[in-house]
Amino acid sequence: MGLFSFTQEIAIDLGTANTIIMVDDKVVVDEPSVVAVSYADNKMVAVGRKAQQMIGKGGTQIRTIRPLRDGVIADFYACEMMIRGMIKMIPKQPRLFTPNLRMVVCIPSGSTEVEIRAVRDSSEHAGGRDVFMIYEPMAAAIGMGIDVESPDGCMVVDIGGGTTEIAVISLGGIVTNKSIKIAGDDFNADIVEYMGRMHNIRIDEPTAERIKIAVGSALPELDDPLDDFMVIGPNKVTALPMQVPISYQEVAHCLEKSISKIENAVLQALESTPSELYADIVQHGIWLTGGGALLHGLAKRLTDKITIPFHVADDPLHAVARGTAVALKNTNNFGFLIR
């Protein structure tokens, strides 16, 4: 984009856990969806990773907010501040004046009209002049290189931070759609509860996230076993410091209920899938994307349970953002974009 460019085009994957911004097919911002705000004047102090590092440490001076919960905006003002802050993180290019922002933002497939309007309003208040929206499973499929306008059916399971989006896509539309509020945040909550109940150790959400990444497993037996992860924290009763090793088998046990709910949601989506598209899905398999797709053994567990092959997308964390970036270039051609 040159000195006289009137418009800057950005693709935003506005996620419960992370927000990713792409410009010119490059990831330019990949930050946690967190904003830190001063109690005194309600002004933004930090955004993204810097704000995440302040969680639980601000005392009476600073509060940290996660503006999105369960895939939707829970705090409108904080969300607007976060989007503004992250847009400012985009590397600056030399221009004679501030360009108009043209955005494509992805949203959960189960979004209501009110939730869609909230995303649009937040994006416009953050500087977006021309705002389009795309459903997350559609963006994920495009990001994986699937031809979404083909008559062949494909199924995408996008396990994000706040929601798991399950969709069957054909002819540029979502034919069957299931959105459940069980995802990465629930895995973290399960781990926090388990560590307190079984090991009497108090941990917070960032520690649970590290446990999930290191030894998170959907199966109690893995072909490549994972080393135990050492957790440090206070004893719930005495507040004395503790060191507790946790194994992937324990994590698989504590995530069992949440993963079972995702399995049931996939089965329900398959039940309501037209038979012709069902045959395509059996032939091509089901695609897993989103951060939850990185859980060790998840694809194998789902394949064994549902008897349809499950494939993990290449770079599942960025598949939705990549698809959103493709949609940005095709706003005139993709009839499924929402204005």
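A salt bridge is taken here as a side-chain nitrogen of Lys or Arg within 4 Å of a carboxyl oxygen of Asp or Glu. By that criterion the structure holds 15 salt bridges. The model is predicted, so local features need pLDDT of at least 70 and side-chain atom pairs count only at pLDDT 80 or more, whereas totals for chains, interfaces and linings use all residues. Residues are numbered from 1 along each chain as its sequence is written, and side-chain values use heavy atoms, with hydrogens and water left out.

**Stop 1: arginine 102**

Select arginine 102 together with glutamate 9; the two form a salt bridge whose closest N and O atoms are 2.8 Å apart. This pair links distant parts of the chain, with arginine 102 in strand β9 (residues 100-107) and glutamate 9 in strand β1 (residues 7-14), 93 residues apart. Helices (H or I, at least four residues) and strands (E, at least two) are DSSP runs, numbered from the N terminus. Arginine 102 is buried at 15% relative accessibility, while glutamate 9 is partly exposed at 25%. Buried denotes under 20% relative accessible area, exposed over 50%, and partly exposed the range in between (1.4 Å probe, protein chains only).

Aspartate 130 belongs to strand β10 (residues 128-135) and is 28 residues from arginine 102 in the chain. Aspartate 130 is partly exposed, its relative accessible area being 22%. Salt bridges with shared partners join Glu9, Arg102, Asp130 and Arg339 into one network.

**Stop 2: aspartate 25 and lysine 329**

Next, select aspartate 25 and lysine 329, a salt bridge with its closest N and O atoms 2.4 Å apart. Aspartate 25 lies in the loop between β2 (18-23) and β3 (26-32) and lysine 329 in helix α11 (residues 319-329), so the pair ties together parts 304 residues apart in sequence. Aspartate 25 is partly exposed at 45%; lysine 329 is exposed at 52%.

**Stop 3: two buried residues**

Move to asparagine 188 in helix α5 (residues 184-199), which is buried with a relative accessible area of 2%. Leaving aside residues up to four places away in sequence, asparagine 188 touches Glu205, Ala208, Glu209 and Lys212, a contact meaning heavy atoms within 4.5 Å.

Finally, select valine 231 in strand β14 (residues 229-234), buried at 1% relative accessibility. The C-alpha atoms of valine 231 and serine 150 are separated by 48 Å.
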